[in-house]
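Take a walk through this structure with the model open beside you.

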Amino acid sequence: MSSQRLMAFGLRFYVVVFFVYLFLPLLIMAAATFNDSRFPTVTPWDGTTLRWFGELAADGGMWQALGNSAIVAVGVLCLAVPIGIATALFLNTVSSRAKPFLYALILSPLLTPGVIIGISTLIFWRQFGVSGGIFLTVLGQATFIAAYVMLMVTARLQRFDRTMERAALDLGASQWQMFRRILLPYLKPAIYSAGVIAFLQSFENYNTTLFVVGYDTTLTVYIASKVRTGLTPAVNALGLILILVTVLLAIAYEVKRRREEAVRIRAQAGV
Amino acid sequence: MDGSVRLDEVVMRFGDFTAIEKTSLTIGSGEFFSFLGPSGCGKTTLLNIVSGFLVPSQGQVFIGEEPVAGVPVNRRPTAMIFQNLALFPLMTVFENIEFGLEVRGVGKKQRRETSERLLALVALEGSGPKQVTELSGGQKQRVAIARALAVEPRVLLLDEPLSALDLKLRQHMRAELKTIQRKTGITFIYITHDQGEALTMSDRVAVMSAGRIQQVADPMTLYRSPATGFVAAFVGENNRLESRLVDREGQRVRLDGGALGELVGSAGEGVSLGNGDRVALYVRPEHLKPVAADAAGPRLEGEIEAVHFEGASVMLETRLTASGEKLRVQLGHEVSRQYADSLSVGQRMTFGYDPADAVVLPDDGSAVVDETTGEMVESRTAAGGAHVSSA
């Protein structure tokens, strides 16, 4: 075997191993959903069943937690996205020596362990008589999720051609008109992506949430508590549903993107 | 509508750097006025001062005889065409052109009428619904012009708008711009480093160097009677011969060319020359003609080092036998045919010129053209830069 073919084989082998590593746990988790066993496992296989979907549907606490997660995620979206955009716009205009400092300051929640953000949020707000709950969860999560939004918006903002801004002002637009008609449409794709990321980050967050959620429960906190009290394959059923929804959304997005690209290419070809 | 622009003792400094030395200048309403100069000479800075993007460190700007100090960019009666055009890529041609009207709160119907009329003016009828990304370079150029005209500016500012186009299109757009300017009667202030553009389109040109206006004149005067060494070297091509002034009789001056012997020329317009001054004699390549070695008048003998056939003419690169300086000679079609046998490398020829065509200016040593790139190299600051105040 020549070294080139060996390389090709090695690469293929690596890719296969990588995908097995990535997806085998998910496949086993999904398979366990249909196992008629009290524990989420595939061995031994005690017969095929759909009853865990029924159990899941009947689990009121789980639905309550899912609803809370959605409320928190929407709250974080509404708080972190505007803050992230505003921060990105502000940092883009700052030219002083303070810029690296401000940048580091805003990114620091990303580097701080989530546990610490959770604890410090709780301690801080307790001074003002606010105790743990959905409200504090939104605040706690938004502190670091806003930094994600800022990063994504900044990445696009840095490619913005500032002469567009000058042209708009020169043609008589106010700063606000320039922002609304020129800059915001330009930033839109980054803002949408940042919104999706913010929502997902909030939805899956556990370690910060655990400290600030108080007597309320989000989905991650609920599942974690179940691990202690006894997990049933109903959790697997939930996991399977979440995976399917995610995959469907990703496919829908890709189809939409390809369609738009085709339209654009056709337009550029002048057809 | 008065579209005149007046700069009154305008100075622009960035920290320690003076981008614009004290400049006073009046541009007439409806004039096609160009600022010509190498990159970094301050011409774009001047344009940004007129448009309001920059506030001058000193001095006043008047548009239509009204001071515009404190009037922000979006309230000035000017519109700019940017070097990269800066069309809004997410908008259609219509939306681009109507943007200035939209932000002024003009109704949709009236906006559309205006943009249709302007699309007709720039010969782009029917392109309104297109995305600007679908347009060719020349079409984008026209949309940029229409977009600027839509806000009915009194002054249109053009920042090297043709530099991104290829040669053919550039020449075509020159004629087009001139036509649009004549049709609309708007004052055009045009920035360029391309003398071809400045000379063909402009009513008047200001040649700039190192933050200073060197000369303001109509293109023909600029070419025939440069006021400074910089203008002589930058506008068109010129041979520069250093010499010393012997005496002067009216415009005609006699020079001591050192090894070159006695030279003659005409004193530049409005320059002060004293006997014994170090001066420079500027002779354009096309003003040099082959003459007999014993002919009367100024004679320069050179050895041909290269012959470039340029179609309508032949350019000779020669080296003067007496001094070793370079001398470029451009021979017209007829003359080059007549001397066809002698036009080869190594041949010696004697050239003469009409003293009325040769300009004598103080030797300010300001401008040297880099022979390999053809770009201006400013070896010393232009101490001899004229302070221009024109009406």
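Helices (H or I, at least four residues) and strands (E, at least two) are DSSP runs, numbered from the N terminus. This is a predicted model: local features need pLDDT of at least 70, side-chain atom pairs count only at pLDDT 80 or more, and totals for chains, interfaces and linings use all residues. Residues are numbered from 1 along each chain as its sequence is written, chains are lettered from A in the order in which they are written, and side-chain values use heavy atoms, without hydrogens or water.

Start at helix α7 (residues 162–170) of chain A. Of its 9 residues, 7 are buried, so the helix is largely enclosed by the rest of the structure. Buried means under 20% relative accessible area, with a 1.4 Å probe and protein chains only. Among the buried residues of α7(A) are A:Met164, A:Ala168 and A:Asp170. What do they pack against? In chain A the partner is α8 (175–204); in chain B the partners are α1, β6 (78–81), α2 (93–102) and α4 (137–150). After α7(A) comes A:Gly172, with a positive phi near 110°.

Now look at the contact between the chains. Contact means heavy atoms within 4.5 Å. Chain A supplies 19 residues and chain B 26 residues. The buried area is about 1,900 Å², and carbon and sulfur atoms give 61% of it. That area is the accessible area (1.4 Å probe) that two parts lose on being put together, summed over both. On the chain A side, A:Asp170, A:Leu171 and A:Arg181 lose the most, together 38% of what that side buries. A:Arg181 also forms a salt bridge with B:Glu102 (2.6 Å, N to O). A salt bridge needs a side-chain nitrogen of Lys or Arg within 4 Å of a carboxyl oxygen of Asp or Glu. The count between chain A and chain B is 1.

Next come the cores. A nonpolar core is a set of buried Ala, Val, Leu, Ile, Met, Phe, Trp, Tyr and Cys residues joined through side-chain atoms within 4.5 Å. The largest has 103 residues, and A:Ile182 and B:Phe99 are among those with the most contacts inside it. Helix α6 (residues 134–157) of chain A gives the most to this core, 10 residues.

Finish at the sheet in chain B. Its 4 strands are antiparallel and form an open sheet, in the order β2-β1-β4-β5. Strands β2 (17–27) and β5 (66–67) of chain B stand at the edges with a single partner each, so one side of each has no neighbour in the sheet. Strands pair if DSSP finds at least two bridges between them. Strand β1 (residues 5–14) of chain B is joined to β2(B) by 7 bridges.

Technical notes: Buried < 20%, exposed > 50% of the residue type's maximum accessible area, 1.4 Å probe, protein only.
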